[in-house]
Amino acid sequence: VSFDGKIDIELGGCPYTLTRMFQANHGTSNAKPLNNRSELWYSPDLKTSLYSRTETSDGSIFELRARAISTSFTPVE
């Protein structure tokens with residue numbers, strides 16, 4: 001896992017910092033080479049990722065984007 005900087009965004013009128021992370025997996029699976037790479041934009045304050053992209057060794061690409069984030073919080077008693 002490596003970290004590649006931060007950006008600040010505004011969501012619901014509040015500032016949040018997103019951290020860009022990369023993860024690479026190399027090895028074998030069922031005697032076939034495995035080489036997967038993932039990119040993730042993570043918000044520590046929101047405790048979730050807003051965007052992720054995974055490239056697999058067979059050439060497939062999977063992207064996941066946050067569609068709706070609520071910044072309304074309800075106190076837990």
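A residue is called buried when its relative accessible area is under 20%, exposed when over 50%, and partly exposed in between (1.4 Å probe, protein chains only). With 29% relative accessibility, E55 therefore counts as partly exposed. Keep in mind that this is a predicted model, where local features need pLDDT of at least 70 and side-chain atom pairs count only at pLDDT 80 or more, while totals for chains, interfaces and linings use all residues. Residues are numbered from 1 along each chain as its sequence is written, and side-chain values use heavy atoms, leaving out hydrogens and water.

Let's start with the strands, which are DSSP runs of E with at least two residues, numbered from the N terminus. Two of them pair if DSSP finds at least two bridges between them. Strand β3 (residues 32-43) pairs with strand β4 (residues 48-55) in the antiparallel sense, over seven bridges. Here L40 has S52 in β4 as its bridge partner. Next, β4 runs antiparallel to strand β5 (residues 61-65), joined by five bridges, and E55 stands opposite I61 in β5. Five residues lie between β4 and β5 in this hairpin, and G59 in the turn has a positive phi of about 95 degrees.

Now look at the charged side chains. A salt bridge is a side-chain nitrogen of Lys or Arg within 4 Å of a carboxyl oxygen of Asp or Glu. R53 makes one with E55, at 3.3 Å between the closest N and O atoms, and another with E63, at 3.4 Å. R53 lies in β4 and E63 in β5, so this pair ties together parts that are 10 residues apart in sequence. E63 also meets R65 in a salt bridge (3.6 Å, N to O). Through shared partners, R53, E55, E63 and R65 join into one network.

Key:
Helix = DSSP H or I, 4+ residues; strand = E, 2+ residues; numbered from the N terminus.
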